[in-house]
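Please look at the sequence and the structure as I bring them up.

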Amino acid sequence: MGKKIEDLIKVVPTERQLKWQQLEFIGFIHFGINTFYNAEWGQGNEDISCFNPKRLDAEQWVRTLKAAEMKGVILTCKHHDGFCLWPSQYTSHTIANTPYKDGKGDIVKEVAAACKKYDMKFGVYLSPWDLTESSYGTGKEYNEFFVNQLTELLTQYGDIFEVWFDGANGEGPNGKTQEYDWLGYYQIIRQLQPNAVIAIMGPDVRWIGNEAGVVRNNEWSVVPEAYSDPSYTARHSQQADDKEFAQTYRHEDADLGSRSVIMNYPGKLIWYPAETDTSIRPGWFYHPDQNSQVKSSEELFNLYKKSVGGNSVLLLNVPPNKEGLISEVDERELKSLGEKIRDLNCVDDTIAYDIMYGKDILLNGYQSIENIAANVIVVSFQKPEVIRYLIIQEDITKGQRVEKVTIEIFDEQGNRKVQILVR
């Protein structure tokens with residue numbers, strides 16, 4: 001027996017999911033030993049004595065992302081190579097054993113402090129795959145090691161808004177793969193940072209399925225529970241240093257949550273909103289030869305409109321260089337992007353109306369709502385105006401109820417000039 005409409009609209013976001021979705025645009029920072037080896041994926045046997053970003057300025061990182069209208073920052077605290085940007089007590093493969101600040105540095109602390117100063121949310125990425133750790137592949141011993149490192153990150157750096165995991169699960173130094181204790185990881189996060197969403201390999205935020213920034217025609221927030229199974233995401237995640245992976249568009253499942261899909265799904269439905277992750281450059285870490293390949297502000301703005309406008313949160317990676325700074329070209333394009341987004345979101349001439357519950361939210365300027373019919377808003381203009389953008393949002397505290405919207409524009413004689421169907 002299929003589900004009823006009433007069943008579908010009962011699925012609503014948790015408070016942590018709601019606050020996360022309201023951010024809309026956040027930043028990713030990949031920085032580590034790979035930056036100094038001009039590599040994307042390290043092997044875990046790198047000589048970390050070369051790690052010494054002499055001009056590192058975490059505040060410059062955060063200021064640059066904030067200027068682009070990002071609302072939070074996720075730092076790659078440890079990538080697959082196992083090198084830690086904080087002085088972890090559970091491995092020697094850390095910043096404490098590098099020349100940076102004579103071994104007394106802690107870049108996680110610096111970024112967290114910069115985020116607090118500039119009113120930005122702070123999040124962490126901790127790779128579950130560790131090519132340095134000898135216990136990787138042993139099962140319980142490694143899971144305890146991983147929880148210990150996770151605990152360090154969740155207890156020493158203030159509030160965390162997002163914990164980001166990927167599904168990488170290759171061989172460790174002993175030639176074995178590890179069976180991750182995802183439920184155990186989730187439990188410690190809920191205990192130590194109850195307001196943090198757990199993303200990608202987690203129950204709160206789903207991955208769109210590619211790193212090229214390409215969203216589906218509809219990124220529904222209500223989907224079958226099966227999509228939150230870590231094994232599903234792991235099967236589609238990058239498992240080797242494949243340079244084509246990040247640029248490949250692919251959606252194995254083009255429709256995750258239309259009415260026809262979810263009304264006939266026999267299992268549980270969940271609120272599982274989408275995150276679109278991609279990089280401002282072809283790579284995730286900084287490479288000097290990619291300075292001419294930085295996405296322009298116009299490209300980034302189109303990406304923003306398609307991803308945020310497509311019902312996902314955009315996670316844009318911006319990698320600092322060996323000096324420890326975001327490069328001028330990246331900085332310039334991000335500043336221009338911020339200007340475009342601020343112009344897009346300008347509310348000087350905005351109409352907002354709660355069509356479901358018949359309540360005016362905002363009505364500014366010369367515009368007027370002439371007539372309200374069943375699920376119809378008619379807006380009149382007293383003089384010809386240029387409409388550059390139309391932003392349509394739903395009150396998701398009441399669930400996912402709007403399936404499609406039709407936009408029609410008429411001239412003064414009542415002739416329809418434009419009709420657009422938005423699904």
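This is a predicted model: local features need pLDDT of at least 70, side-chain atom pairs count only at pLDDT 80 or more; totals for chains, interfaces and linings use all residues.

A search of the whole structure finds zero disulfides, a disulfide being a pair of cysteine sulfur atoms within 2.5 Å. Cys-77 is in no disulfide, and its nearest cysteine sulfur, that of Cys-84, is 8.8 Å away. Cys-77 is buried, with a relative accessible area of 1%; buried means under 20% relative accessible area, exposed over 50%, and partly exposed in between, with a 1.4 Å probe and protein chains only. Cys-50, at 33% relative accessibility, counts as partly exposed.

Residues are numbered from 1 along each chain as its sequence is written, and side-chain values use heavy atoms, with hydrogens and water left out.

Next, a pair of helices. Helices (H or I, at least four residues) and strands (E, at least two) are DSSP runs, numbered from the N terminus. Helix H6, residues 140-155, packs against helix H7, residues 182-192, at an angle of about 20°, and their axes are 10 Å apart. Axes here are lines fitted to C-alpha atoms, for helices over the stretch in contact, and angles run from 0 to 180 degrees between N-to-C directions. H6 and H7 are therefore roughly parallel to each other, a term for angles under 35 degrees. Which residues of H6 and H7 meet? From H6 come Asn-143, Phe-146, Val-147, Leu-150, Thr-151, Leu-154 and Thr-155, and from H7 come Tyr-185, Ile-188, Ile-189 and Leu-192, where contact means heavy atoms within 4.5 Å.

I turn now to Tyr-272, in the loop between strand E8 (269-271) and strand E9 (274-279). Is Tyr-272 buried or exposed? At 0% relative accessibility, Tyr-272 counts as buried. Leaving aside neighbours within four places in sequence, Tyr-272 is in contact with residues including Gln-17, Ile-200, Trp-220 and Tyr-227. Gln-17 is itself one of the buried residues of helix H2 (residues 15-23). Just after H2, Glu-24 takes a positive phi of about 70°.

Finally, Lys-268 lies in the loop between helix H9 (259-262) and E8. Lys-268 is exposed, with a relative accessible area of 52%. Not counting residues up to four places away in sequence, Lys-268 touches Val-223, Pro-224 and Glu-225. The C-alpha atoms of Lys-268 and Glu-225 are separated by 5.6 Å, although these residues are 43 residues apart along the chain.

Terms used:
Angles under 35 degrees count as roughly parallel, over 145 as roughly antiparallel, 65 to 115 as roughly perpendicular and the rest as oblique.
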